[in-house]
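What follows is a briefing on one structure, arranged by topic. Please keep the sequence and the coordinates at hand while reading.

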Amino acid sequence: AALKRSTLRLGMIPADGIGKEVLPAAQRVLEALGSAIPRVEFVPLLAGWEEFNKNGKALPEATIETLKIECDAAMFGSVSSPSHKVPGYSSPIVALRKHLDLYANIRPVKSVQGVDGKPVDMVIVRENTECLYIKKEEIHDNADGSKVAYATRQITSYASSRIGRMAYELALRRQAEREAGASSSVHHSQPKVTIVHKSNVLSVTDGLFRETVRAVSQEDKYKSVKTEEQLVDSMVYRMFREPEIFDVSVAPNLYGDIISDGAAALVGSLGVVPSVNAGDNFVMGEPVHGSAPDIEGKGIANPIASIRSAALLLSHLGYTDAAAKIDTAVDNVLREGKYRTPDLHGKSTTEEVTNAILKAL
Ligand code: ATP
Ligand code: MG
């Protein structure tokens, strides 16, 4: 349901690397929306690898508490992960998902007419709490000295049902946005959800996922949404051959991880792919890219992934018109082609691209 408030309190967690450069760009765009959204109060918060090295905590208590008690939503930048295991350090983004019960990772992949190769306008909804990620692994020695290792995969009807509902809600929302005139390089005539699984092999676990999402699809409010299924291997093939046929796809954790990185490769640069981590009570926007140490501090990071994440966050909170405004401005700047950062073969800086988007807005 849409969450309408007079003030929106948004936790801002730039964290490391180019997160510090692209999150301010998203903030400037949100500030420029004026009366299209409620007043936004930005709450700067600490987290990340640098913070860990300074104060010993990758995710300070104060950050968690402020998010839980004072904030309606948040934007995250990016985190540098050390290349070796460091005692006491663990990823703040994983911890944030747990603390705030952000059980869905939502990743839209969208091409802009005249910019990228194939037309694509799809979203992957990845379950974020179970599957093989419960990390129950064991290894045993056989009598002959060889070894055997097992991993337990957990699929529950509870988690499958809520991720299924998230996918169908999103399909309806996207249809509403299209009807409101959101630009797209693909024509989706009807909202559609594709259930991704492998129940021909894993008939019990993937069978439960499939059956549970199917049951959600039968609910009255989702009558207008078409339901299809793809085995995960076939999904990869079809996604590369004819990505334009997909609207919303929903998958258990591991398949979702793999296909969402694959889908991101369809649109040229990591610098344009947004995401949100969503739960029932909180949502956090986050560009898909990492901290990009190779370009850090040069002022040339593409701010579009971060700006689109802000739009996605607004859309998730029910401010679909404001979200569409941002997306249209970004599309116009990309299509015009005058201002692009080097990852899109341009010569512009983060600031120049942000200014162009603000002007288009
Ligand atoms: P991390 O460990 O933090 O993920 P990484 O080295 O894997 O760091 P990524 O951020 O994942 O780096 O980026 C992979 C490549 O894509 C890098 O070459 C990076 O410069 C480029 N890249 C990522 N995001 C952007 C962006 N916003 N603008 C321009 N280039 C980007
Ligand atoms: Mg990376």
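H9 passes H10 in a left-handed crossing, where a crossing is left-handed if the near helix is turned anticlockwise from the far one by less than a right angle, and right-handed if clockwise. The model is predicted, so that local features need pLDDT of at least 70 and side-chain atom pairs count only at pLDDT 80 or more, while totals for chains, interfaces and linings use all residues. Residues are numbered from 1 along each chain as its sequence is written, and chains are lettered from A and ligands numbered from 1 in the order in which they are written. Helices (H or I, at least four residues) and strands (E, at least two) are DSSP runs, numbered from the N terminus.

**Helix H9 with helix H10**

- The axes of H9 and H10 (residues 320-336) come within 7 Å and cross at roughly 160°, axes being lines fitted to C-alpha atoms, for helices over the stretch in contact, with angles from 0 to 180 degrees between N-to-C directions.
- H9 and H10 are therefore roughly antiparallel, given that angles under 35 degrees count as roughly parallel, over 145 as roughly antiparallel, 65 to 115 as roughly perpendicular and the rest as oblique.
- On the H9 side the contact includes Ile304, Ile307, Arg308 and Ala310, and on the H10 side it includes Thr320, Ala322, Ile326 and Asp327, two residues being in contact if their C-beta atoms, placed from the backbone, lie within 7 Å.
- By class, this contact of H9 with H10 holds ten nonpolar, two polar and two charged residues; Ala, Val, Leu, Ile, Met, Phe, Trp, Tyr, Cys and Pro count as nonpolar, Asp, Glu, Lys and Arg as charged, and the others, Gly among them, as polar.

**Helix H1 with helix H9**

- H1 (residues 19-31) packs with H9 (residues 304-316) at an angle of about 45°, their axes being 8 Å apart, and that angle makes H1 oblique to H9.
- The crossing of H1 with H9 is right-handed.
- Val22, Leu23, Ala25, Ala26, Val29 and Leu30 of H1 meet Ser306, Ile307, Ser309 and Ala310 of H9, a contact with eight nonpolar, two polar and no charged residues.

- Ten strands form an open sheet with mixed pairing, in the order E2-E1-E3-E12-E11-E4-E5-E10-E8-E9, where two strands pair if DSSP finds at least two bridges between them.
- The edge strands, each pairing on one side only, are E2 (39-44) and E9 (226-231), and the twist averages 25° from one strand to the next.
- E4 (residues 104-110) and E11 (residues 276-278) run antiparallel and are joined by three bridges, with Ala104 having Ala278 as its bridge partner in E11.
- H8 (residues 253-264) lies across E4, E5 (121-127), E8 (192-197) and E10 (248-251), and runs at about 155° to E5.
- The axes of H7 (residues 232-241) and H8 come within 10 Å and cross at roughly 10°, and these two helices are therefore roughly parallel to each other.

**Surroundings of ligand 1**

- Ligand 1 is surrounded by 19 residues, the closest being Gly271, His289, Gly290, Ser291 and Asn302, where a residue is near if its C-beta atom, placed from the backbone, lies within 6 Å.
- This shell around ligand 1 divides into eight nonpolar, nine polar and two charged residues.
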